[in-house]
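The following note sets out points for a colleague's review of the structure shown below. The points proceed from the overall architecture to individual residues.

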Amino acid sequence: MKKTKIAMALSILILTALVLTSCEVHFGNNRAYVQWYVIAVPVIVFVIACLVIAGVVLSKNTYVCPECGKRFHPKWYRAMLTPHINSDRVLKCPHCGKKSLCRKED
Ligand SMILES: [Zn+2]
């Protein structure tokens, strides 16, 4: 399950980087060819940085478990890629261990 999520995230990152890669740069009337990694590596680094920043910011929020009603802060790496509806996220409660759609507390 965990390896599947990591593989899926890496696939999305690589596909995004390849789609955004043109390998041909137009600067005025000049045209130059660049290696694919010159564009892909910064894109991948940027996407990973955005995900990590989002995860750290989201882990500061307090979530309420619908099963046991206890409050908790998720780990940054879980908050980063978990499915969500608006501000509610599917998280595993550290108290009861059940995975459910947890409401964000204001
Ligand atoms: Zn719970």
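1. Element order. In this predicted model, the elements follow one another from the N terminus as α-β-β-α-β-β-α-β-β-β.

2. Overall dimensions. The radius of gyration of the protein is 19 Å, whereas a compact globule of 106 residues would have a value near 13 Å. Along the principal axes, the C-alpha trace extends over about 65 × 30 × 20 Å. Of the 106 residues, 10% count as buried. Among contacts with a separation of 6 or more, 45% are made by residues 24 or more positions apart.

3. The hairpin of strands 1 and 2. Strand 1 (residues 24-27) and strand 2 (residues 30-33) run antiparallel and are joined by four bridges. Two residues lie between the strands of this hairpin, and Gly 28 adopts a positive phi near 70° there.

4. Five strands form an open sheet in the order 4-3-7-6-5, and their pairing is antiparallel. Strand 4 (71-72) and strand 5 (84-85) are the edge strands, each pairing on one side only. Strand 5 is paired with strand 6 (residues 88-92) in the antiparallel sense, over two bridges. Within this pairing, Ile 85 is placed opposite Asp 88 of strand 6.

5. The nonpolar core. Which residues make up the largest nonpolar core? Its five residues are Tyr 63, Cys 65, Leu 91, Cys 93 and Cys 102. The contacts of Cys 102, leaving aside neighbours within four places in sequence, include Tyr 63, Cys 65 and Leu 91. Further contacts of Cys 102, under that same exclusion, are with Val 64, Pro 66, Asp 88 and Arg 89.

6. Lys 92. This residue belongs to strand 6. Is Lys 92 buried or partly exposed? Lys 92 counts as partly exposed because it has 16 C-beta neighbours inside 10 Å, while a buried residue needs 20 or more. Leaving aside neighbours within four places in sequence, Lys 92 is in contact with Gly 97 and Lys 99. Lys 92 and Cys 102 are ten residues apart in sequence, and their C-alpha atoms lie 8.6 Å apart in space.

7. Leu 58. Where does Leu 58 lie? Leu 58 is found in helix 2, which covers residues 36-59. Leu 58 counts as buried because 20 C-beta neighbours fall inside 10 Å, and the threshold for a buried residue is 20 or more. Leu 58 and Thr 16 are 42 residues apart along the chain, and a distance of 23 Å separates their C-alpha atoms.

Note on methods. Residues numbered from 1 in each chain as written. Predicted model: local features only at pLDDT ≥ 70, side-chain atom pairs only at ≥ 80, totals over all residues. Pairing = 2+ DSSP bridges. Core = buried A, V, L, I, M, F, W, Y, C linked by C-beta atoms within 7 Å. Buried ≥ 20, exposed ≤ 12 C-beta atoms within 10 Å, placed from the backbone. Contact = placed C-beta atoms within 7 Å. Rg over C-alpha atoms; globule rule 2.2 N^0.38 Å.
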